[in-house]
Amino acid sequence: MITVTDLRIQFGKRVLFNDVNMKFMAGNCYGVIGANGAGKSTLLKAIAGEIDTASGRISMNPGERLSVLSQDHFAFDEFSVLDTVMKGHSQLWDIMQEKNAIYAKPDFSDADGLKAAELEEKFADMEGWNAESDAATLLSDLGITEDLHYTLMKNIDGKQKVRVLLAQALFGNPDNLLLDEPTNDLDLDTVTWLENYLANYQNTVLVVSHDRHFLDAISTHTVDIDFSKIQMFAGNYSFWYQSSQLALRQQQKANKKAEDKKKELQEFISRFSANVKKSKQATSRKKMIEKLNISDIKPSTRKYPGIIFKPEREAGDKILEVTGLSASIDGDVLFSGVDFYANKGDKIIFLSKDTRAMTALFEIISGNQKPDSGTYTWGQTITSSYLPLDNAPFFRSELSLFDWLCQFSNDTTDLYIRGYLGKMLFAGDEIQKR
Ligand SMILES: Nc1ncnc2c1ncn2[C@@H]1O[C@H](COP(=O)(O)OP(=O)(O)OP(=O)(O)O)[C@@H](O)[C@H]1O
Ligand SMILES: [Mg+2]
């Protein structure tokens, strides 16, 4: 359990948030949401005690252990993969080191013998004998095969590191677990594994994520950071979103009778919990929602960006035809013989375990790269736009936000560009920032 009392965080003059008072209980998983820059990572760092400019109190129950998903991809370069995972439990790790140092002594005294016995006892209490096999199992579950377990961290690639650091955070069932965007760089299978792991986790978990499907699968509560306020709501993302929108609509209908409002909310709760999937981990979430008081449902003050797609002209039936497309990198075949036809109204998801294959396909159909063989044709009526995986080149510019956006628009009038940025929640002076 984590208790946050009167937390306030300030960077220079800017108060990120204050008056934060909340409790994070065991058995619950708290999904932390909010726009980019709202302060999600900062909240987690404050709870982990990594920020100096915080005031207030953060406390855990006596003897509890807190574990954090490390964001530092180089901190463990000189350690093996397996040791990096075990370092996640620092008390256990320290005992192992101390123990090994004593046994390695050439002049092993009686005092050393006593000390070693004492350490062995602590080690056994922490189930130290299972540490290596537990760490190895976690790694294998996360797709790090055994041949890599004794490799040094500096010799594995970035995506593998992310998985090892995740295993490190989960290692030894910490009482309190903080994960900041844990699904970044994971493939679909591993995300599904992590969903199950967290949904069945018995201790306290706080997870920051921008992925609402992931949040829906794991969270019992939603912590929303918006406009310098942090609010906690019962329920997962979808429940929070729908219930708080309903409460907001009710608030706006001032003349509606209180009993009618109550009834409508109660009906919403029953409908929602009836639709919760019937898996084991979903049952506890369902019970939680059924127990909920109507007074727990609060209207949301959150503002949403409005992304509105309006094509310049109505598209014809044929969108894209791809025939016999193949691509490779340095002789390594990424894909071959890819055929598909995209019709108007289709919504297509592309999946691959190899991101290079996906990037190559999109680079080819957007005309930036030549295929090894095959053709693609866009429909006559189609205009297209492309957000590449590596979008950094778009932002290497000294232009203000306003001028930057003008580059991509036919209509560059003040009214239109301001309006467009407004929909994306950029207001006032912000649009003159570079
Ligand atoms: N050490 C620091 N000094 C000054 N400002 C900081 C510091 N750390 C964070 N900030 C600012 O605080 C705000 C919140 O940052 P934070 O990283 O917590 O956002 P976030 O909600 O995690 O965003 P994202 O979704 O992009 O990860 C940002 O405006 C950031 O620039
Ligand atoms: Mg962040």
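This is a guided tour of a predicted model, stop by stop.

Residues are numbered from 1 along each chain as its sequence is written, while chains are lettered from A and ligands numbered from 1 in the order in which they are written. As the model is predicted, local features need pLDDT of at least 70 and side-chain atom pairs count only at pLDDT 80 or more, whereas totals for chains, interfaces and linings use all residues.

**Domains**

Colour the protein by its domain assignment, whose bounds come from an automatic or database source: domain 1 covers 2-64 + 206-296, domain 2 covers 318-378 and domain 3 covers 397-432. The centres of domain 2 and domain 3, taken over C-alpha atoms, are separated by 33 Å.

Helices (H or I, at least four residues) are DSSP runs numbered from the N terminus.

Two packed helices are described by the angle between their axes and the distance between the axes. Axes are lines fitted to C-alpha atoms, for helices over the stretch in contact, and angles run from 0 to 180 degrees between N-to-C directions.

Select residues 90-103 (α3) and 110-125 (α4), which pack at about 150° with axes 10 Å apart. The two helices are therefore roughly antiparallel, a word used for angles over 145 degrees. The crossing is left-handed, that is, the near helix is turned anticlockwise from the far one by less than a right angle; clockwise would be right-handed. Show I95, E98, K99, I102 and Y103 of α3, which meet D112, K115, A116, L119, E120, K122 and F123 of α4. Contact requires C-beta atoms, placed from the backbone, within 7 Å. Six of the contact residues are nonpolar, none polar and six charged.

**Helices α5 and α6**

Next, select residues 131-141 (α5) and 158-170 (α6), whose axes come within 9 Å and cross at roughly 135°. α5 and α6 are therefore oblique to each other, and their crossing is right-handed. A135, L138 and L139 of α5 meet V164, A167 and L170 of α6. What classes do these residues fall into? Six are nonpolar, with no polar and no charged residues.

**Helices α9 and α10**

Last, select residues 237-252 (α9) and 258-275 (α10), packed at about 165° with axes 11 Å apart. Their crossing is right-handed. F239, S243, L246 and Q250 of α9 touch K261, E264, L265, F268 and F272 of α10. Five of these contact residues are nonpolar, two polar and two charged.

Technical notes: Parallel < 35°, antiparallel > 145°, perpendicular 65-115°, else oblique. Contact = placed C-beta atoms within 7 Å. Nonpolar A, V, L, I, M, F, W, Y, C, P; charged D, E, K, R; others polar.
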